[in-house]
Amino acid sequence: MAAAARTMFEKIWQRHVVVDRPDGYTLLYIDRHLMHDGSAAGFARLRERKMKLRRPDRGFATPDHYVRSDSRSIADIADPNHRKLVEQIRTNTAESGVTLFDLGDERQGIAHVVGPEQGVTQPGLTLVCGDSHTSTHGALGALAFGIGSSEVAHVMATQCLWQRKPKAMRVSVDGTLGAGITAKDVILAIIAKIGTAGAVGHVLEYAGSAIRDLSIEGRLTVCNMSIEAGAKAGMVAPDDKTIAYLEGRPFAPKGKEWDKAVAYWRGVPSDEGAAFDRDVSLDAAAITPMVTWGTSPEDALPITGRIPEPSTAPDAAKKDSMERALDYMGLTPGTPLEEVPVDRVFIGSCTNSRIEDLRAAAKVAEGRKAVIPSWVVAGSGLVKKQAEAEGLDKIFRAAGFEWREPGCSMCVGMNGDTGKPGQRIASTSNRNFIGRQGPGVRTHLVSPAMAVAAAVSGHFTDVRKLLA
Amino acid sequence: MEPFTTLDAVAIPIDQPNLDTDQIIPARFLGRPRDTQVEALFHDLRYTPERVPRPAFVTNMPAFAGARIVVAERNFACGSSRENAVTVMVDNGLKAFIAPSFGDIFFNNCFQNGALPIRLPAPRAAELRAALHAHPGARIKIDLASQTVVGPDGKTDRFEIDSFRKDCLLNGKDEVSLTLGYEKDIAAFEAKQRQEMSWL
């Protein structure tokens, strides 16, 4: 009898079961554990229990949340609590033997940029990190998800996690994306369609020709925001592009081990006919450049649209939440999105800070001038170096953009990179939550190209007009 | 970990759907020691940017003083994985959360801190919030052993919880200690993986 067709998620899950309890809980083995400067709490919990890391060889760390974007010196971090967190990642990894990409090392950067870049992230693996955007790594065909600090300590101590198996959901995007449409627009369109709780309890598999046509970096952008659809994780089937991307990366296997790994990776994609608990599809050709207008990532609209009217809401609760969002965002219903003025621009974050993002942004910035304060924060030292080798930094600087040092920066503002109350920011990050970029700050999520279009226009602008 | 058995306490209603963990504790408070985070709970919902208390926010209303239960809307505590969203509530006395649905990571983090997230159907959660608004300071009774919630209206609802999670909460069991009991299984898995996935 032929084995039942299995989804990619199912295959990776089954491969990592240590114990299946009769009560439905599974002890799942974790292959890779990424750590950052916020992981100090996990190390502290481990120390309280007088325990050591079970598998320091499976841990990789880099400071990202609390590092400054204008200095590489720990001493320059003004807040003593924050400085301590960045110092502790050094001492904690040195004591435990975890690999560190430290401040000052060109490999340092945002954990979710560094993992794939170093070849730490690979198909068919389980990967966790104490950060919700761990879903990013699923772009290479890994099962990757964010956990809290207690579970971080649990993985440090046991290399395992107790999990109830999530359901599987497939989002298919078929057809060809139009000119100027990016992975960011794809994921914003998906979240706008299924909602910010649309995939709660599910692992998402992104499928279809438009997803296959995306580069690995584009897939990283899509998977990054799976959590904004409520998903446990997001993933894309590994293919020739994935394998070509990994070949030669520092932590990718070599020689015979490479061949053995590739043989396993080839078997990871979902079998033909595998059943998903839910299926959703989108037409790639219908996706336009997207902009969020509200305070939830699902509040996304095509740039050609207008600020929505709460009176059109399907029910009173939705009307109330729309009114609340519009009040916070300082927007008037009916206003065309292209007429909304922008005060500041942020290009960066684990969503959109990779070399292709910077190339797409530089293409729009070249020969133009930013009319509002605009920042570019590369995702890692290596991305920054590559961009400089290509002269992108010169293009950005000539266009009036600030070219800053790698880290999470203004996506979450934990390092002090925040806006002022009332400021409206076009941001390539992942969350437009109230206060996310500072108290009272109004965040609009866009692609890197759309962020530059706003920077050079002073208001949201359909980037396709500038590319024409 | 402190066991969770029963709770009979004042409950606060939180009406916003998709209330994210940035609203429960804003990111700028995360780098501080835990004992100094207590005041950060719902900070920007409780205060204006000028730090004036917003009288209309539930935790600023005297009638809700001493609350230990939150009744929320769908997708409660979505967003960032920050476990501080659970610990800051526990440190403010809030130990049980009732909502139609939760952010997955927050849901898991609750069990790590002796807190109980309860899923109830959206209409019942809405009914409970309405009752709490109508009678500020009204109490809700939770009994984990029988998996029941008794609302201010006296109506009882049964809720589902995994027996694994229930057992850990009732007995204050620590997951790491539990897992260490499976050492042989973990070692066997690792031995097998060294063969099958030797490139790792």
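Strand β3 (residues 32-35) of chain A pairs in the parallel sense with strand β6 (residues 126-129) of chain A over three bridges; here strands are DSSP runs of E of at least two residues and helices are runs of H or I of at least four, numbered from the N terminus, and two strands pair if DSSP finds at least two bridges between them. The model is a predicted one, in which local features need pLDDT of at least 70 and side-chain atom pairs count only at pLDDT 80 or more, while totals for chains, interfaces and linings use all residues. Residues are numbered from 1 along each chain as its sequence is written, and chains are lettered from A and ligands numbered from 1 in the order in which they are written.

Within this pair of strands, Leu34(A) stands opposite Cys129(A) in β6(A). Both strands belong to an open sheet of five, with parallel pairing and the order β5-β4-β3-β6-β7 in chain A. At its edges stand β5 (99-100) and β7 (143-146), each with a single partner strand, so one side of each is left without a neighbour in the sheet.

Turning to helix α2 (residues 40-48) of chain A, the residues Ala40(A), Ala41(A), Gly42(A), Phe43(A) and Leu46(A) are buried, a term for residues with 20 or more other C-beta atoms within 10 Å of their own, C-beta atoms being placed from the backbone. Their cover includes α3 (80-96) and α5 (149-158) of chain A. After α2(A) comes Lys50(A), with a positive phi near 55 degrees.

Most residues other than glycine have a negative phi. Ser409(A) has a positive value, near 50 degrees, and is found in the loop between β17 (402-404) and β18 (424-427) of chain A. This serine is buried, with 33 other C-beta atoms within 10 Å. In chain B, phi of Asn18(B) is also positive, near 55 degrees. Asn18(B) sits in the loop between β1 (6-13) and α1 of chain B and is buried, with 25 other C-beta atoms within 10 Å.

Chain A is divided into domain 1 (8-279) and domain 2 (289-467), with bounds that come from an automatic or database domain assignment. The C-alpha centres of the two domains lie 24 Å apart. Their contact takes 40 residues from domain 1 and 39 residues from domain 2, two residues being in contact if their C-beta atoms, placed from the backbone, lie within 7 Å. On the side of domain 1 that touches domain 2, α4 (111-118), α6 and α8 (216-224) of chain A each supply at least two residues, and α6(A) gives the most, with six.

The largest nonpolar core has 203 residues, and those with the most contacts inside it are Val345(A), Ala361(A), Ala451(A), Ala454(A) and Ile98(B). Such a core is a set of buried Ala, Val, Leu, Ile, Met, Phe, Trp, Tyr and Cys residues joined through C-beta atoms within 7 Å. Helix α6 (residues 183-194) of chain A gives the most to this core, with nine residues. Domain 1 and domain 2 of chain A both give residues to the core, so it lies between them. Neighbours within four places in sequence aside, Ala361(A) is in contact with Ile347(A), Val376(A), Pro448(A), Ala449(A), Ala451(A) and Val452(A).

Between the chains, 42 residues of chain B are in contact with 56 residues of chain A.

Definitions and conventions. Buried ≥ 20, exposed ≤ 12 C-beta atoms within 10 Å, placed from the backbone.
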